[in-house]
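Student: I'd like to learn how to read a structure like this one, feature by feature. Can we go through it together?

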Amino acid sequence: MNFSTDIASRLTPAMRQLVERMEQAPYPPMHTLTAQQAKAAYNKSIGVLDVPKPDLARVEDFRIPARDGHALAARLVAPTHARDLPVLLYMHGGGFTIGGIESHDTFCRVLAGQSGAAVVSLDYRLAPEWRFPTAVHDSWDALHWLAGEGGAALGIDTARIAVGGDSAGGTLAAVAALHARDEGLRLALQLLIYPGTTDHQDTESHRLFEHGPVLDKVLIDWFFGHYIDSVHRSDWRFAPLKSADVEGTAPAWVGLAECDPLVDEGVQYADKLRAAGVPVDLEIYRGVVHGFITMGRAIAEARQLHADAAAALRQAFGLPAR
């Protein structure tokens with residue numbers, strides 16, 4: 001193992017066995033690849049550990065206009081064809097560099113199926129071709145569009161909108177929630193799954209899990225090196241913890257992995273929201289690592305998060321239990 005026996009003892013037996021198999025796989029570490037090679041390698045792994053993909057009544061691919069004229073790919077999934085469903089705008093994880101609609105398609109379908117809401121997954125532009133703050137702009141442009149003419153055209157309830165994401169997507173979701181507050185757009189929920197929130201990775205959990213498992217310092221530096229210049233890292237749109245004021249943002253559901261470099265900054269952001277009077281529901285899933293939400297075939301905690309996040313959406317949207 002590339003990490004200590006002490007770290008290994010913190011993992012659940014299923015998580016530890018899975019990490020050991022992942023480390024034994026004959027693939028080069030991602031940080032040794034070019035960004036394009038990493039994108040391709042990640043795309044080949046999609047769905048290997050995920051739960052079976054739900055077959056939903058409505059699956060619709062479309063485009064969302066960005067401020068510079070670029071047409072952003074997006075996908076709406078919903079359990080029914082009913083009009084006026086509430087909607088979650090979801091931003092995938094991947095260090096701002098890898099991933100896309102397909103990498104998180106199963107998770108978005110699970111959320112839609114279990115909550116009864118529609119989910120729109122956004123293919124925001126990735127580094128290194130598109131560096132900070134393009135992904136931030138894309139996320140807000142999509143949210144603004146959904147709350148207006150785009151949502152009306154799709155037949156969703158533009159008065160019941162939530163924003164969410166995991167990892168880098170969680171960062172984008174937190175920032176979009178702050179933008180929404182500033183622009184007077186009322187959101188039902190911000191669903192933040194192990195979000196990045198700090199400008200520099202210097203928390204105790206970053207030190208503890210410096211060598212992983214799965215996500216380590218070298219890989220974090222590789223992602224951020226592609227995405228952002230060091231001079232911009234104190235910008236709150238990269239590090240929401242740097243925001244001067246989070247009062248008045250949407251209620252938050254925050255789901256974190258215990259054995260994750262990002263766990264401390266996730267707790268810190270939840271605390272910052274609470275201190276500002278924002279309702280927060282914080283869940284820490286014990287013994288699992290960063291990225292576990294797409295490991296539901298092997299990891300029970302992933303399936304529990306699916307259920308918990310869907311329940312949070314139902315409650316925020318006023319939907320009945322399914």
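Predicted model: local features only at pLDDT ≥ 70, side-chain atom pairs only at ≥ 80, totals over all residues.

Student: What covers the buried residues of H10?

Tutor: Residues are numbered from 1 along each chain as its sequence is written, and side-chain values use heavy atoms, with hydrogens and water left out. Helices (H or I, at least four residues) and strands (E, at least two) are DSSP runs, numbered from the N terminus. Buried means under 20% relative accessible area, exposed over 50%, and partly exposed in between (1.4 Å probe, protein chains only). Contact means heavy atoms within 4.5 Å. Now your question: the cover over the buried residues of H10 includes H7, S6, H8, strand S7 (252-259) and strand S8 (280-289).

Student: Which residues of H10 are buried?

Tutor: First the general idea. An α-helix has 3.6 residues a turn, so residues three or four places apart point the same way. Here, the buried ones are Val263, Glu265, Gly266, Tyr269, Ala270 and Leu273.

Student: How do I check the span of H10 (residues 263-275)?

Tutor: The expected span of a helix is 1.5 Å times one less than its number of residues. H10 has 13 residues, so 18 Å should separate its end C-alpha atoms, and 18 Å is what the model gives. After H10 comes glycine 277, with a positive phi near 90°.

Student: What does that check give for H7?

Tutor: H7 has 16 residues and reaches 22 Å from first C-alpha to last, close to the 22 Å expected. As for burial, 13 of the 16 residues in H7 are buried, and the helix is mostly covered.

Student: Let's turn to strands. Which strands pair with S3?

Tutor: Two strands pair if DSSP finds at least two bridges between them. S3 pairs with S5 in the parallel sense over six bridges, and with strand S4 (residues 118-122), again in the parallel sense, over five bridges. To locate these pairings, look at leucine 88, whose bridge partner in S5 is alanine 162, and at valine 87, which stands opposite alanine 118 in S4. Strand S3 (residues 85-91) is mostly covered, with seven of its seven residues buried.

Student: Why is S6 described as largely enclosed?

Tutor: Because five of the five residues of S6 are buried, it is largely enclosed by the rest of the structure. S6 pairs with S5 in the parallel sense over five bridges, and glycine 164 stands opposite leucine 191 in S6.

Student: Is threonine 197 buried or exposed?

Tutor: Its relative accessibility is 0%, so threonine 197 counts as buried. Threonine 197 lies in the loop between strand S6 (189-193) and helix H8 (204-208). Not counting residues up to four places away in sequence, threonine 197 touches Ala239, Pro240, Leu241, Glu265, Gly266 and Tyr269.

Student: Where is valine 246?

Tutor: Valine 246 is in the loop between helix H9 (217-227) and S7. With 2% relative accessibility, valine 246 counts as buried. Leaving aside neighbours within four places in sequence, valine 246 has contacts that include Leu178, Arg181, Tyr269 and Leu273.

Student: How far apart are the C-alpha atoms of leucine 76 and valine 119?

Tutor: They are separated by 5.6 Å, although these residues are 43 residues apart along the chain. Leucine 76 is found in strand S2 (residues 71-78), and at 0% relative accessibility leucine 76 counts as buried. Valine 119 is one of the residues that leucine 76 touches, and others include Arg58, Phe62 and Ile156.

Student: Which element gives the largest share of the lining of the second largest pocket?

Tutor: That is H7, with three residues.
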